[in-house]
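Please look over the sequence and the 3D structure below. A short report follows, section by section.

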Amino acid sequence: MKAIRIFTRNIRDSFKSVFRNFSLSLASISCITITLIVVAIAIILSQNVNNFTELVEGDVTIVTFLKRDITEEQTETIDKQINNLPYIESIEYKSKMELTKEMMGSSEVFESVMKNWDEDSTPIQATFQVKVKDINEIKYVAEEIEKMDGVDLVKYGEGMVEQLVSLFDIVRKISIGMVIALIIVTAFLITNTIKITIFSRKREIEIMRLVGASNINIKIPFIFEGLFLGIIGSIIPILLSMFGYVKLYQKFDGQLFSPFIKLITPEPFIYLISLVLLAIGIAVGMFGSYTAVRKHLKI
């Protein structure tokens, strides 16, 4: 019971201290707010870039053109051989006439030209459309399929796909690096801002020591104060992230520039971002207070 009373009193005193030293607290809160807004923008951008790259990678397909004179038995054999390969996510067979009808439906010109084509007269080849689990292995899978008896041609955008994979890898690393760097900078800025705040209250800490308060009893209220500063400082970034992202999503109808660049659906994305921002705000607020009391004042 005594421990609970001490804990409750520390929380109460820390909360009061935030408002009692409001002008000093405001500097810390402002620092947390500004830096968390930048962090929020970086996280939203990086996650949407990752989402875009995943969508593009998931859409890359190996189109396997079968020989025109291929038999049904050979087609079934190729189907089994492809399914037995590693990294295969899905495989879809499309016959000559299925592809012909699809092309006819896409254009009146094609319909006029192809309407009299049948199974024997159509020059279109049947295909297997193959998707892989790991885009980095697409070249290996394509080369293995090309070796199969009855396969005429394999196409997957070779060259361009490898360049895209390399580009996406760089973009991912840069976006993750930016977020980590911003979090470190945020922690540094907030820590130094809180150091200034606590240094200005050096006399208050000295009085606490004179009345016999132990080091831990002096540190705890300041750590809780950092917690409250982190929570208050994260409110505006959270609200801006939630309402701003929803507005952005609605304004652009869930996509940027083209249907291929799709934004992440707001829910539950905005809630996850909010939790991350709150966690960062609390963590750096508490860490900043702890290091400021321990190192700067050498308690």
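## The sheet

In this predicted model, four strands form an open sheet. Their order is β2-β3-β1-β4, and the pairing is antiparallel. Strands β2 and β4 (151-155) stand at the edges. Each of these two has a single partner strand, so one side of each is left without a neighbour in the sheet. Direction ignored, neighbouring strands are turned by 20° against each other on average.

How many bridges join β2 to β3? The number is six, and these two strands run antiparallel. Strand β2 covers residues 88-94. Its residue Lys94 stands opposite Thr127 in β3. On to the pair β1 and β3: strand β1 (residues 62-66) and strand β3 (residues 127-132) are joined by four bridges. They too run antiparallel. Here Thr64 has Phe128 in β3 as its bridge partner.

## The whole chain

Ten helices and four strands are found in the chain. Along the sequence, they follow the pattern α-α-β-α-β-α-α-β-α-β-α-α-α-α.

The chain exposes about 17,600 Å². Carbon and sulfur atoms supply 63% of that area.

Helix α4 spans residues 96-106. Its residues Lys96, Met97, Leu99, Thr100 and Met104 are buried. They lie on the same side of α4, because they cover an arc of only 160° around the axis. What do the buried residues of α4 pack against? They pack against β2, α5 (108-114) and β3. The face turned away from the buried side carries the exposed residues Lys101, Gly105 and Ser106.

Helix α6 spans residues 138-146. Ile138, Val141, Ala142 and Ile145 are buried there. Their arc around the axis is only 100°, which puts them on the same side of α6. An α-helix has 3.6 residues a turn, so residues three or four places apart point the same way.

## A loop residue: Tyr87

Tyr87 lies in the loop between α3 (72-83) and β2. Its phi is near 70°. That is a positive value in a residue other than glycine.

Is Tyr87 buried, partly exposed or exposed? Its relative accessible area is 35%, so Tyr87 counts as partly exposed. Which residues does Tyr87 touch, not counting those up to four places away in sequence? They are Lys131, Val132, Lys133, Glu137, Tyr140 and Val141. One of these, Val141, is among the buried residues of α6. Tyr87 and Ile135 are 48 residues apart along the chain. Their C-alpha atoms are separated by 8.9 Å.

## The salt bridge

The structure holds one salt bridge. Which residue forms a salt bridge with Lys147? The partner is Glu144. The closest N and O atoms of the pair are 3.1 Å apart.

How accessible are the two partners? Lys147 has 64% relative accessibility. Exposed means over 50%, so Lys147 counts as exposed. Glu144 has 23% relative accessibility. That value falls between the 20% and 50% cut-offs, so Glu144 counts as partly exposed.

Thr33 has its place in helix α2 (residues 22-59). Is Thr33 buried or exposed? Its relative accessible area is 10%. Buried means under 20%, so Thr33 is buried. Which residues is Thr33 in contact with, leaving aside its neighbours within four places in sequence? The contacts are Gly233, Ile236 and Pro237.

Another detail sits in helix α10 (residues 266-296), where Pro268 has its place. The peptide bond from Glu267 to Pro268 is cis. Its omega is near 5°.

Note on methods
Residues are numbered from 1 along each chain as its sequence is written. This is a predicted model: local features need pLDDT of at least 70, side-chain atom pairs count only at pLDDT 80 or more; totals for chains, interfaces and linings use all residues. Side-chain values use heavy atoms; hydrogens and water are left out. Buried means under 20% relative accessible area, exposed over 50%, partly exposed in between (1.4 Å probe, protein chains only). Contact means heavy atoms within 4.5 Å. A salt bridge is a side-chain nitrogen of Lys or Arg within 4 Å of a carboxyl oxygen of Asp or Glu. The arc is that of the directions from the helix axis to the C-beta atoms. Two strands pair if DSSP finds at least two bridges between them. Accessible areas come from the Shrake-Rupley method with a 1.4 Å probe; for residues, only the protein chains shown count as cover. Axes are lines fitted to C-alpha atoms, for helices over the stretch in contact, and angles run from 0 to 180 degrees between N-to-C directions.
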